[in-house]
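Colleague: I have a model open and would like to learn how to read it. Can you take me through some features, one at a time?

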Amino acid sequence: MTSTRVMILGVLLDGPLHGYEVRKTLELWGTQHWANIAFGSIYHALGKMAQEGLLEVVGDGGPSDGGRGRTVYAITPEGRAEFDRRLREHWSEIMPIVDPFQVALTFMDRLPKADLLAVVRERTERLRVGFASFERARNAKRAADAPRHVDECLALSAAEYRAQLEWLERAVERIERDDIP
C-alpha cells in the first residue's frame, strides 16, 4: 500500500470527507513535500479503496454540497485495520532516501574545481533559503490549525537540510584544499 493510500486512510479517521476535503487537508499538512503525494491520484485512490472495502461511500453531496455531487467517503473497519497495520509497518521500515544530490556527489570528480565550488556554494545558499521557508510553512500550518505533530515532518526535513548544509560548508574547505574529490 502506497503512502498516499495510508495518508488518505489516516485523514479519514477523523470522519467522512469528500475528495476535495481530503486533498485540502493533505495540502495543509504539506505532504507534497515529504510524502510524495500526487494530488491528482487522490480521487482514483478513494474510488479504488472503496472498491476494496477499505472505504465506503456515505453520501454524494447533494443539495447541501451546493449541487456539486461530491462523493463522501468514510473509513470502514477493514480500512482502519489496514491503516493500523501499515502505520506500524511504516514505523519499522527503513528505506533509502532517494536524493539526486547523492548522484551529484558520486560524480563530483567530473566537474572542474571552480565549477564544483560554484555548485556547492549555490546549493548551500538554496539550503539556507530553505530554512526560511520551513519557518514560514510552520507558521502557516499553525495559523490554519494543522495538528502540532505535523510540525515534526517539517522539523525532520529541516534537520536533513541542516545535515547537508553542514556537510557542504565543510566540503568547500576540503575542495579548496584539494582533499576532495
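**Reading the helices, cores and backbone**

Modeller: Start with α4. Its buried residues pack against α1, α2, β2 (55-59) and β3. Keep in mind that this is a predicted model.

Colleague: Which residues of α4 are buried?

Modeller: I42, A45, L46 and M49 are the buried ones in α4.

Colleague: How should I read that spacing?

Modeller: An α-helix has 3.6 residues a turn, so residues three or four places apart point the same way. Now the case here. Viewed down the axis of α4, the buried residues fall within an arc of 105°, so they line one face of the helix. H44 and Q51, on the other side of α4, are exposed.

Colleague: What does I42 touch, leaving out residues up to four places away in sequence?

Modeller: I42 touches I8, G19, V22, R23, L26 and I37 on that count.

Colleague: What follows α4?

Modeller: G53 does, and its phi is positive, near 85°.

Colleague: Next, helix pairs. How do I describe one?

Modeller: Two packed helices are described by the angle between their axes and the distance between the axes. Take α1 (residues 3-12) and α2 (residues 19-28): their axes come within 10 Å and cross at roughly 105°. That makes α1 roughly perpendicular to α2.

Colleague: Which residues meet there?

Modeller: From α1, M7, I8, V11 and L12; from α2, V22, T25 and L26. By class, this contact of α1 with α2 has six nonpolar residues, one polar and no charged ones.

Colleague: How many residues are in the largest nonpolar core?

Modeller: That core has 24 residues. Those with the most contacts inside it are I8, L12, V22, L26, I42 and L55. The elements giving two or more residues to this core are α1, α2, α4 (41-51) and β3 (72-75). The largest share, six residues, comes from α1. There is also a second, separate core of 12 residues, with F101, M108, L165 and I175 among them.

Colleague: Is D178 buried or exposed?

Modeller: D178 is exposed, with a relative accessible area of 55%. P181 is also found in the segment after α8 (151-176). A cis peptide bond joins I180 to P181, with omega about 0°.

Methods
Residues numbered from 1 in each chain as written. Predicted model: local features only at pLDDT ≥ 70, side-chain atom pairs only at ≥ 80, totals over all residues. Heavy atoms only, no water. Axes fitted to C-alpha atoms, helices over the stretch in contact; angles between N-to-C directions. Helix = DSSP H or I, 4+ residues; strand = E, 2+ residues; numbered from the N terminus. Parallel < 35°, antiparallel > 145°, perpendicular 65-115°, else oblique. Contact = heavy atoms within 4.5 Å. Nonpolar A, V, L, I, M, F, W, Y, C, P; charged D, E, K, R; others polar. Buried < 20%, exposed > 50% of the residue type's maximum accessible area, 1.4 Å probe, protein only. Core = buried A, V, L, I, M, F, W, Y, C linked by side-chain atoms within 4.5 Å. Arc of directions from axis to C-beta.
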